[in-house]
Amino acid sequence: MVRTILALMKKEFLQVFRDRNMLRMIFIMPIFQLILLGYVASTDVKLISTAVYDHDRSELSREYVRSLSAGEYFITDAPSIPLLEAERGFKENKYEAVLIIPDGFSNDLEQSKSVDVGFMVDGTNANSASIALGYASLMTRQFNERVTGFSPPIKLTQRKLFNPEGESVYYMVPGIVALLLTMITAMLSAMAIVREREIGTLEQLMVTPIRTPALILGKTIPFALIGFVEISLALFVGIMWFKIPFAGSWVLLYSLAFLYLFTTLGTGMFISTISTTQQQAMFFTWFFAMFAIMTSGFFAPIANMPKSIQYLTYLNPLRYFMTTVRGIMMKGASLDVLYPEVIAMIIFGLAIFTFSWMRFSKRVK
Amino acid sequence: MHKIRYIAGKEVRHILRDSRSLMIAILMPILMTFVYGYAINLDTKNIRLAVLDFDRSVDSRELASRFYNSGYFLKPQVPPALSDPEKILRSGQAHAVLVIRAGLARALTNFTDYELGLLVDGADANVAAATGSYSNIMVASFLEDRMPYGFEVPGVRISQQVLYNSNLESSHFFVPGLIAIILMMISAMLTSVTIAREKETGTMEQLLTSPVTPRQIIIGKVLPYIALALLDAVLVIIFAMFHFGVPFAGSMLLLLFFGLIYVAAALSLGILISTLVSTQQLAMMMAQLTTVLPSVMLSGYIFEIKNMPAVLRYVSYLVPARYFIRIIRGVMLKGSDLSVLWGEAVFLVILAVVLLAIATKRFQLKIG
């Protein structure tokens with residue numbers, strides 16, 4: 001049995017390593033994607049270009065504008081076009097916000113009165129619009145305290161844990177690690193089985209004395225190993241290149257990744273039973289992966305989704321693995337807080353793997 | 001002309017016969033719109049906030065309920081133990097912990113200095129930023145209500161106005177962009193695969209020995225996919241408008257016209273890929289890597305181009321989706337027309353023409 005499995009594994013590895021293109025797809029493409037995503041995937045809102053209409057033209061109004069542009073949230077050098085045509089500027093994407101300072105701004109302030117300034121933002125991108133409004137009011141509050149000397153007695157002091165610099169790449173890369181393991185292992189195992197079927201060699205394997213369990217293990221273990229190499233590579237790049245902190249335990253991360261592999265390899269096997277061509281297998285994997293990624297909280301927090309979709313996410317194994325990887329890497333989480341995720345992954349892993357095993361054995365017979 | 005029709009007819013039969021692929025081509029865009037429309041939602045709300053109230057006064061309870069009634073914050077599912085706020089965050093039970101130390105009520109009556117503490121889970125930088133700014137607003141409005149009657153806080157106040165998407169729904173931003181992604185996927189991926197399939201099964205040689213020119217083969221093969229892609233686009237737009245309530249402020253005709261140019265660019269990419277590879281599997285992977293990935297990552301669809309490093313910003317000029325996403329957002333959300341979109345339009349046309357020229361050239365070279 002063990003000899004058979006080893007022989008099958010050797011064949012599988014040979015097949016992967018012989019194919020230059022395959023190698024590129026397995027190892028270079030994911031790392032390329034990781035680096036690209038690391039640079040690109042920033043949800044930070046900054047450099048909001050703002051057109052300023054200062055009708056007061058005083059020292060104080062200029063200082064207000066300066067205080068807004070401090071800290072690279074707003075850039076106040078947008079081209080000035082007549083205020084009446086301000087809407088054209090929004091449509092041409094020349095700026096995303098307009099600040100209108102009324103005449104009498106400095107007068108009112110010097111008499112310790114309140115004064116309204118107009119702030120228009122382009123709401124097309126809802127997220128950056130609301131963050132821009134938040135920044136503007138924060139900067140304004142600081143300006144007020146400085147200029148009027150009046151400050152409320154009660155203050156809110158904030159402290160951020162886990163990612164105090166607010167780097168989105170620290171959050172994205174652990175997510176990508178979870179994605180890579182899912183995509184690569186599910187896709188490769190599905191394709192490997194379907195390819196044999198497509199070329200007709202699966203029948204040849206059937207007539208050999210190889211038993212189904214040996215066949216399944218021989219077709220899954222190589223990809224589990226490749227999956228481990230893959231996430232190690234990704235973690236290496238993330239830590240060396242993007243300087244991502246690793247707060248938790250490596251052993252825990254790899255053991256839970258091993259646990260999660262039952263789910264992904266099971267899914268790959270399942271896909272191989274529902275597709276007849278490699279093209280279909282690829283489409284199906286992609287399809288499954290798309291949904292898994294979207295409902296895993298990778299791009300956007302699950303809490304933002306409607307209630308019905310939130311319940312749906314509980315059926316997505318990647319959701320638990322995503323939380324696990326991010327928790328271990330960023331927060332140093334250990335089993336005392338991760339146990340609900342671990343239990344979920346055990347249940348999913350067992351269920352999916354056994355179901356696919358049975359389906360596969362039936363199809364083979 | 002009738003030769004093209006034969007090739008196109010054959011391709012249509014191919015598409016219709018393969019029910020699974022057809023299902024993918026029609027159903028996937030709708031499902032994707034549905035899932036993406038809900039899943040890519042950066043409107044931060046429902047932030048789980050734990051309140052550790054050591055003051056236990058009417059005021060502290062009122063402050064807490066002001067947070068919970070705002071619509072931004074939710075109570076944690078498990079009531080937090082009054083213990084270690086860091087552990088609450090590490091377990092993920094809450095994203096932020098508001099610590100109200102004893103003395104809030106006294107500070108409010110005597111106007112003495114007092115500090116409220118907010119501990120935020122910074123893991124997701126976006127959520128952390130929103131949490132911070134919402135909390136500031138909550139505290140400021142709480143204090144404002146506590147000021148003596150008639151007292152006016154001196155200083156600048158912002159009167160805000162949001163244009164175009166005044167309810168700040170992020171689905172209105174992401175769903176139109178998704179149309180660009182789906183068009184790219186359907187056009188580039190399916191065309192590259194269909195040509196690669198002819199090569200793989202050896203039927204390309206048969207086609208070539210028949211009295212049709214390579215140009216006719218390309219046009220015939222591509223036409224059904226243009227129709228399919230445009231059908232998908234219309235389906236998704238209808239779905240976006242009726243399901244997600246995305247407004248359509250501009251001209252549908254203008255949008256479809258640009259859609260056609262964009263699809264031409266995408267199809268050219270697909271043909272180009274098919275000349276570079278020999279198997280369907282590789283074609284699919286190449287298509288993913290060179291068309292879908294940049295369209296999602298480098299087009300400004302989710303991630304803003306201006307935040308990227310300079311090299312990637314320059315690369316983004318070569319991504320057709322960059323222009324089409326701006327056009328579709330402008331037309332649908334802002335009612336923009338050619339007078340403001342001409343820049344994007346010019347770039348898109350140039351890209352499409354260049355890609356089409358390269359693709360036909362390479363295809364003929366490969367074949368001749």
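Is A:Lys243 buried or exposed? With a relative accessibility of 58%, A:Lys243 counts as exposed (over 50% relative accessible area; buried is under 20% and partly exposed lies in between, using a 1.4 Å probe and protein chains only). The model is predicted, so local features need pLDDT of at least 70 and side-chain atom pairs count only at pLDDT 80 or more, while totals for chains, interfaces and linings use all residues. Residues are numbered from 1 along each chain as its sequence is written, chains are lettered from A and ligands numbered from 1 in the order written, and side-chain values use heavy atoms, with hydrogens and water left out.

As for its place, A:Lys243 sits in the loop between helix 9 (212–240) and helix 10 of chain A; helices (H or I, at least four residues) and strands (E, at least two) are DSSP runs, numbered from the N terminus. Most residues other than glycine have a negative phi. A:Lys243, however, has a positive phi, near 55 degrees. Over in chain B, the phi of B:Arg56 is also positive, near 50 degrees. B:Arg56 belongs to the loop joining strand 1 (47–53) and helix 3 (58–68) of chain B, and is exposed at 57% relative accessibility.

Back in chain A, Thr264 is part of helix 10 (residues 250–274). A polar atom of the A:Thr264 side chain lies 3.2 Å from the backbone oxygen of A:Leu261. Leaving aside residues up to four places away in sequence, A:Thr264 touches A:Leu181, A:Thr182, A:Thr185 and A:Ala186 (contact means heavy atoms within 4.5 Å).

A:Ser58, in the loop between strand 1 (48–54) and helix 3 (59–69) of chain A, is buried as well, at 12% relative accessibility. The side chains of A:Ser58 and A:Asp56 make a polar contact at 2.6 Å; such a contact is a pair of N or O atoms within 3.5 Å, where within protein one must be able to donate a hydrogen and the other to accept it, and residues adjacent in sequence count only if both atoms are side-chain atoms.

Turning to the overall layout of chain B, the domain assignment (bounds come from an automatic or database assignment) gives domain 1 (2–41 + 169–367) and domain 2 (47–146). The centres of domain 1 and domain 2 of chain B, taken over C-alpha atoms, are 48 Å apart.
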